[in-house]
Amino acid sequence: MGPSDAKDHPAAASPPGSPEEDPSHAPADACDPHAVDSDVPGAVRRVLEGLLAERTERAAALDPVFAADLAERVARFALDGGKLMRPRFVWWALRACGGGAAEAESALRIGAALELIQTCALVHDDVMDGSRLRRGRLALHADVAAQYADVTEPSHGARFGEAAAILAGDLALAWADDIVAATRATPSADHTVRELWSTMRTEMVAGQYLDIQGQATSSRSLARAIRAACLKSALYSVERPLALGAALAGADAARTRALCSAGRCVGIAFQLRDDLGDVFGGPRHVGKPTGGDIRAGKPTYLVAVAQARAEAADDRGALSLLRHSLGRADLSEPRLAEVRDVLVRTGARDIVEAKIDRLVAQGLRHLESAPLEAEGRRRLRELLHTTAGNPPPPPSSAPHGPLDGVPVSLLLGAVEGAAR
């Protein structure tokens with residue numbers, strides 16, 4: 001979603017250099033929640049712009065090269081592109097649980113911090129995956145390397161770009177933590193928000209590690225693939241943002257539990273949809289070549305299902321193709337097309353599509369079970385559908401049974417210990 005053209009919302013941050021340059025000191029009623037309702041991404045971007053302007057100014061005071069090469073790149077990355085899905089979950093969970101003007105500023109700041117932690121995740125992910133493109137442009141590490149191509153040896157330049165991107169991701173994470181630390185809430189909400197934030201950061205790292213560990217060891221376990229998907233994406237993309245919004249609103253345990261269960265279901269569906277898109281193409285992968293997960297040998301649920309189905313059918317041709325294709329950085333387009341054919345022929349693609357549908361339906365049942373404000377519930381329902389890439393199903397399609405042999409309860413409990 002591009003920057004909003006709406007101009008009827010007050011700026012949520014004080015101008016850089018003013019006595020109250022930290023927007024956390026703005027009066028609670030300075031942000032009209034009804035105005036934000038009409039353009040949540042625009043409101044979050046305005047807060048983020050103010051916060052980043054102040055931080056890039058500080059960076060320039062430290063060193064102009066550091067500011068130009070890293071701080072400004074981080075700011076541009078955070079502000080340019082992205083649909084601000086996570087901040088919208090925070091906002092609409094807040095509103096669905098009855099939050100209003102008193103909590104609005106804090107919710108927008110938490111949303112801005114989530115965009116920065118997402119920046120950290122994507123910048124680091126591109127380095128780990130060796131991806132040169134992001135959002136149709138050079139990834140940050142490739143961009144830095146290109147900037148210094150005339151003054152560095154090719155091998156040194158690539159390594160320098162990767163090192164710079166690691167530091168840029170660290171900077172984005174540090175800024176995100178600073179924003180959360182300076183955000184005010186009620187004492188009870190403040191404690192919960194900080195606990196959620198701390199847990200979420202560790203979950204992200206754990207999920208990403210399981211991802212790269214699976215690549216290194218060629219692990220194709222169905223249960224482990226779901227666990228990694230939940231940790232690296234479902235929790236921090238959907239469930240934790242919902243929990244943060246509910247915490248800011250002072251929601252009771254029943255509402256929070258229902259929202260988190262809905263978020264867990266749809267968050268896993270979000271990652272499964274992303275896995276499909278990486279191989280077969282989709283809106284989230286515009287500007288980025290497909291097949292990256294196959295070439296990197298990522299242990300996705302899609303691939304794990306295909307391998308399990310091929311083994312069950314004693315399809316040696318399919319197993320051989322997968323074994324000799326996964327993890328091949330130089331995999332040709334014709335061979336990638338053969339891998340796609342195996343994913344379709346084994347039924348893996350259809351199974352994952354069906355699982356997405358069922359997880360979304362299960363998530364919506366959790367959402368409907370909670371006593372929520374009507375408009376907030378409606379917006380969350382739309383957002384959950386959009387996140388999973390699914391059209392709204394008819395009510396009768398919501399399943400109650402197992403998902404292709406794996407019960408929903410087992411999927412949702414895959415990281416129960418880590419999620420508490």
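Met128, Tyr209 and Ile212 make a nonpolar surface patch of about 280 Å². The model is predicted. Ile212 sits in helix α8, which covers residues 187-217. Its relative accessible area is 31%. Ile212 therefore counts as partly exposed, since that class lies between 20% and 50%.

**Helix α15 and its partner**

Two packed helices are described by the angle between their axes and the distance between the axes. Helix α12 spans residues 301-312, and helix α15 spans residues 348-369. They pack at an angle of about 130°, with axes 9 Å apart. That angle makes α12 oblique to α15. The crossing of α12 past α15 is right-handed.

Is Ser369 buried or exposed? Ser369 is exposed, because its relative accessible area is 52% and exposed means over 50%. Ser369 and Leu259 are 110 residues apart along the chain, yet their C-alpha atoms are separated by 9.2 Å.

Arg358 is also found in α15. Arg358 is partly exposed, with a relative accessible area of 29%. Arg358 and Ala269 lie 89 residues apart in sequence. In space, the C-alpha to C-alpha distance between Arg358 and Ala269 is 8.8 Å.

**Salt bridges**

How many salt bridges does the structure hold? There are 28.

| Residue | Partner | N to O distance |
|---|---|---|
| Glu54 | Arg55 | 3.1 Å |
| Arg240 | Glu239 | 3.9 Å |
| Glu353 | Arg273 | 2.9 Å |

Take the pair of Glu353 and Arg273, with closest N and O atoms 2.9 Å apart. This pair links distant parts of the chain. Glu353 is in helix α15, while Arg273 is in helix α10, residues 253-280. The two residues are 80 residues apart. Glu353 is partly exposed, at 24% relative accessible area. Arg273 has 17% relative accessibility, so Arg273 counts as buried. The cut-off for buried is under 20%.

Glu54 and Arg55 are both buried. Arg240 is buried, with a relative accessible area of 3%. Glu239 has 4% relative accessibility, and therefore counts as buried.

Salt bridges can also join up. Which residues are linked in a network of salt bridges? Asp125, Asp129, Asp211, Lys232 and Lys298 are linked in this way.

How values were computed: Residues numbered from 1 in each chain as written. Predicted model: local features only at pLDDT ≥ 70, side-chain atom pairs only at ≥ 80, totals over all residues. Heavy atoms only, no water. Patch = residues over 30% accessible without salt bridge, like charges linked within 9 Å, V, L, I, M, F, W, Y side chains within 5 Å. Areas by Shrake-Rupley, 256 points an atom, 1.4 Å probe, with all protein chains shown as cover. Salt bridge = Lys/Arg side-chain N within 4 Å of Asp/Glu carboxyl O. Helix = DSSP H or I, 4+ residues; strand = E, 2+ residues; numbered from the N terminus. Buried < 20%, exposed > 50% of the residue type's maximum accessible area, 1.4 Å probe, protein only. Axes fitted to C-alpha atoms, helices over the stretch in contact; angles between N-to-C directions. Parallel < 35°, antiparallel > 145°, perpendicular 65-115°, else oblique. Left-handed = near helix turned anticlockwise from the far one by under 90°.
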